[in-house]
Amino acid sequence: MTQQTAGRAGSQARDPWRYRWIVLGIATFTQAASGFFVGGIGALGVHLQRALDLSLAQLGLLVSAAQLVPLAGLLVAGELLNRYGERWVVGIGAGAVALALGAGSLAPGYAALLGALLVVGAGYSTVQPGGSKSVASWFDVSQRGFAMGIRQAGLPLGAALASAVLPLVAEEFGWRATLLTGGFVALLGAVLFMGCYRPPPALPASQQVKKASDPLAAQLRARLRMLREPSTVKIMLSGTSLISVQCGVGILTVLHLHQVSSVGAGQAALILVASQGAGVAGRICLAAWSDRSRSGRYAIVLVCMVAVIAGLAVLMTPAGRTPVVASGVFVWLGFFGFGWYGPWVAYVTEAAPPGKTGFALGLAMSVNQFAIVTVPPTLGLLVDLTGSFTPAWALLSLLTTAALAVTANAERRTR
């Protein structure tokens with residue numbers, strides 16, 4: 001009888017940590033659900049342009065609207081996560097996305113729809129760092145990279161699903177129905193996260209929600225000190241260069257294949273899907289590799305930077321104009337140019353000072369967000385002005401090479 005009681009007690013002690021896989025599942029789903037409409041809005045361009053009589057500039061601004069507020073919103077969200085924990089911050093943010101999309105479906109015109117998408121961006125600001133922080137708190141170092149890779153794979157998977165579903169909804173029921181669909185999916189994510197997420201059992205209640213007790217000036221000084229840390233510099237440089245490559249691959253792949261390599265538009269789109277699929281695999285595989293790498297997680301990020309530079313170099317040669325080579329390069333760039341995010345996020349969480357994980361994630365992601373907003377129009381303008389894709393690939397290669405040189409040197413000094 002005593003042995004049975006002891007066995008049950010031991011089982012109960014172990015059972016709570018098995019819940020981490022449920023946490024991973026709900027964090028991944030909430031990420032995909034909150035970004036569902038935003039990820040698929042590009043596929044609705046024709047329907048929105050036709051229904052609202054938009055110019056290309058207006059359509060571009062509409063696509064960028066949901067990405068604008070996170071420039072500052074990610075920093076605010078990171079601080080809220082440190083103060084109030086993940087459950088309600090992420091849940092309320094995902095709920096705000098749902099409400100904003102629902103209101104956007106009633107928008108009388110372009111300006112109101114633009115405002116609704118700005119609110120969507122504000123709500124979405126909590127989901128990205130909050131989901132990463134929740135996964136990091138449940139998984140130890142030996143599995144954290146793998147878990148982060150799975151969670152981050154939810155975003156491109158959700159975007160791919162939205163790109164397939166939302167145009168069909170728009171064709172059948174109109175563009176307003178797509179916002180309702182996106183709002184319903186986001187609401188499911190909010191309800192699931194608030195209903196199912198729990199803090200890890202190892203943390204005492206007093207540590208699950210951290211209240212700021214230091215004066216505001218002291219808190220600001222602590223944040224400024226983080227900016228001077230070598231790990232923060234590496235995070236920012238590598239993140240902005242690789243997210244720029246990710247944006248470039250996303251917007252230029254089909255155009256390069258169609259205009260330079262003479263690939264049909266439909267086949268070029270399939271190659272982009274294959275590139276995104278390779279990115280999903282890369283986020284999981286590279287993150288799992290970082291769990292076992294003796295050189296540390298950042299070494300995997302450096303490998304991604306080298307691989308990206310090599311792929312971009314091929315695109316700038318005559319070989320990059322041939323359909324087979326160009327297609328293979330874009331799949332290669334998908335694996336490394338999208339896959340870097342898994343080990344990178346895991347590195348951010350582990351490099352953050354104690355109690356500052358939320359702010360560190362928000363800071364790193366807000367810097368990346370600046371590139372997400374500015375790089376696509378910059379690359380498009382560069383191609384328009386020069387009539388060639390080579391300057392765009394050269395710019396991305398130059399950014400990545402500079403980041404590699406600086407951060408690799410810093411990594412050597414650290415070691």
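Q: Where does Pro 129 lie?
A: Pro 129 is in helix H9, residues 127–138. Helices here are DSSP runs of H or I with at least four residues, strands are runs of E with at least two, and both are numbered from the N terminus. This is a predicted model, where local features need pLDDT of at least 70, side-chain atom pairs count only at pLDDT 80 or more, and totals for chains, interfaces and linings use all residues. Residues are numbered from 1 along each chain as its sequence is written, and side-chain values use heavy atoms, with hydrogens and water left out.

Q: Is Pro 129 buried or exposed?
A: Pro 129 counts as buried because its relative accessibility is 0%. Buried means under 20% relative accessible area, exposed means over 50%, and partly exposed is in between (1.4 Å probe, protein chains only).

Q: OK, and which residues is Pro 129 in contact with, leaving aside neighbours within four places in sequence?
A: Those are Leu 74, Ala 77, Leu 81, Leu 361, Gly 362 and Met 365. Contact means heavy atoms within 4.5 Å.

Q: Switching topic, where is Ser 262 found?
A: Ser 262 sits in the loop between helix H14 (230–259) and helix H15 (265–292). Its phi is positive, about 55 degrees, although Ser 262 is not a glycine.

Q: Buried or exposed, that Ser 262?
A: Ser 262 counts as exposed, because its relative accessibility is 64%.

Q: And how many helices and strands does the protein chain have?
A: There are 20 helices and zero strands in the protein chain.

Q: What percentage of the 415 residues is buried?
A: Buried residues make up 51% of them.
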